[in-house]
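Here are my comments, as promised. Have the coordinates open while you go through them.

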Amino acid sequence: PASLDSEPIQLWNIPLPGGNVGNPAINANGTVFINAHDKLLLAINPDGSMLWQAPLDEVPVGAPALDSNNRIFVSDVKGYVTAFDADGNRIWRVRASTGRGATSGPLVDAKGNIYLTIIDTVSALSPQGELLWRTSAADLYLEEPPRLSPDQSLIFLKNTVMQTDTG
């Protein structure tokens, strides 16, 4: 049991086209980025006003990821990753798989490299969207993003550990 000095209040509520996909990502300025089922990436100001909407080619998977350069990354059901700038302009879109769909949102390390789960595999992309490596990580269907070690030298997925530089 816990008691609060005040009751929580709802500050704003925005309907998302088709509903949300995954959790939101929030940058240092408080801008909220969230994927919507209707093939959209939305940016919402801290006051609840819509900043922008960017169209996606496919239904997104998981939460968007942010890097230190204010870019936003979204993975989709066809196995692509799309990068956007802070104003919602598309920078690039690349296939991270061999034709299989992504099953997690992306994860970005301090160098800007992007990692995501593709069914039973982890794919790594450079900050420019070039495929760095792809490594099998499990014998089953996984819907969870890979995780980084504190020093960011290792990636964990289920009971598999990979080096971030080589896979």
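1. Ground rules. This is a predicted model, so to speak: local features need pLDDT of at least 70, side-chain atom pairs count only at pLDDT 80 or more, and totals for chains, interfaces and linings use all residues. Residues are numbered from 1 along each chain as its sequence is written, and side-chain values use heavy atoms, with hydrogens and water left out.

2. The sheet. Four strands make an open sheet in the order β1-β2-β3-β4, with antiparallel pairing. Strands here are DSSP runs (E, at least two residues), numbered from the N terminus, and two of them pair if DSSP finds at least two bridges between them. β1 (20-26) and β4 (50-55) are the edge strands, each with a single partner, so one side of each has no neighbour in the sheet. From one strand to the next the twist averages 15° (axes are lines fitted to C-alpha atoms, and angles run from 0 to 180 degrees between N-to-C directions).

3. The two hairpins. β1 and β2 pair antiparallel over four bridges, with Asn20 bridged to Ala36 in β2. Five residues separate these strands in their hairpin, and Gly30 in the turn has a positive phi of about 90°. β2 (residues 32-36) is joined to β3 (residues 40-44) by five bridges, again antiparallel. Here Phe33 stands opposite Ala43 and Ile34 opposite Leu42. This hairpin has three residues between its strands, and Lys39 in the turn has a positive phi of about 60°.

4. The cores. A nonpolar core is a set of buried Ala, Val, Leu, Ile, Met, Phe, Trp, Tyr and Cys residues joined through side-chain atoms within 4.5 Å. The largest has 13 residues, with Phe73, Val81, Trp92, Ala96, Ile114, Leu116 and Leu125 having the most contacts inside it. β7 (80-84), β8 (90-95) and β10 each give it two or more residues, and the largest share, three residues, comes from β10. Apart from it lies another core of nine residues, among them Leu41, Ala43, Trp52 and Val74.

5. Ala110 sits in the loop between β9 (107-108) and β10 (114-118). Ala110 counts as exposed (over 50%) because its relative accessibility is 62%.

Technical notes. Buried < 20%, exposed > 50% of the residue type's maximum accessible area, 1.4 Å probe, protein only.
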